[in-house]
Amino acid sequence: MKIAVLSRNPRLYSTRRLVEAGHQRGHEMVVIDTLRAYMNIASHKPQIHYRGRPLEGFDAVIPRIGASVTFYGCAVLRQFEMMGVFPLNESVAITRSRDKLRSLQLLSRKGIGLPVTGFAHSPDDVPDLIQMVGGAPLVIKVLEGTQGIGVVLCETEKAAESVIEAFMGLKQDIMVQEYIKEAGGADIRCFVVGDKVIAAMKRQAKPGEFRSNLHRGGSASLIKITPEERMTAIRAAKVMGLSVAGVDILRSHHGPLVMEVNSSPGLEGIETTTGKDVAGIIIQHLEKYACPNSTRTRGKG
């Protein structure tokens, strides 16, 4: 197959591994800088051009779209879909998962366990919003944040009010969530490919920190997940419509709670921790499912 990898940087670990795995299985791998691709949106023959030439003959596309370029990246991916190229993850599913609030609403509707989450617009409603999620301590999250940036733990209700009012004053959309103390600053990253959890790791926050992201200095270790956690991760990815996803789960007294569903999960942490060839499994998934014109939305999303 001829496979495009949409990535800003060919030297990134995840991009490199996907290209290596594709080559090992005999495919032609082409890395395309997402922001350098430009489109001809014609009804008779939709095209994507790249560095002065049309992109043609691709069987599949692997989107590695960073959060900062979601809008443009999904437009490029949608154009590939309109050209009949099979996407590893569809544009509509990526857009859905990147909207933290919408994704939680969709998961909630399907009965998937979540931390109690509040969302409000007016500063007048802040005291009741805080009570709604069980009071302090609580977590405040910026809707567009990634890698733990824009996530604040507030120990007291006074501190929470001040932080919420500050964000609102900056016209920044935020969510307020209950703090799951029993998780002890740890979460579980379940790596879902298709309808299986192919790898899982526990991420533990460094001392004095509650965010377990590896980018924030957290550490990763092997973990055996329960059947309930496995099913929760698979269901969460399915609700988002993602074939490949990193589902972040907290262990709580009332079962597994989904924190986030990531549409471009990094490969370095999970491959290093588990020793599994995750990139190879992703390429095998593409081989199995990449048929022309087989996307559910065909770029209509």
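The legends below describe an overall view and several close-up views of a predicted model.

**View 1. Overall fold of the chain.** The chain holds nine helices and 16 strands, and its radius of gyration of 20 Å is close to the 19 Å that the globule rule gives for 301 residues, so the chain is as compact as a globular protein of that length. Taken along the principal axes, the box filled by the C-alpha atoms is roughly 60 × 40 × 35 Å, and buried residues account for 52% of the 301 residues.

**View 2. The cis peptide bond between Ala136 and Pro137.** Ala136 and Pro137 are joined by a cis peptide bond with an omega of about -5°, and Pro137 is placed in the loop that runs between α5 (126–132) and β9 (138–142).

**View 3. Positive phi at Arg51.** Arg51, a residue other than glycine, has a positive phi near 50°, and its place is in the loop between β4 (47–50) and β5 (53–54).

**View 4. Positive phi at Lys171.** Lys171, which is likewise not a glycine, has a positive phi near 60° and sits in the loop between α6 (157–169) and β11 (174–178). With a relative accessibility of 74%, Lys171 counts as exposed.

Note on methods. Residues numbered from 1 in each chain as written. Predicted model: local features only at pLDDT ≥ 70, side-chain atom pairs only at ≥ 80, totals over all residues. Heavy atoms only, no water. Helix = DSSP H or I, 4+ residues; strand = E, 2+ residues; numbered from the N terminus. Rg over C-alpha atoms; globule rule 2.2 N^0.38 Å. Buried < 20%, exposed > 50% of the residue type's maximum accessible area, 1.4 Å probe, protein only.
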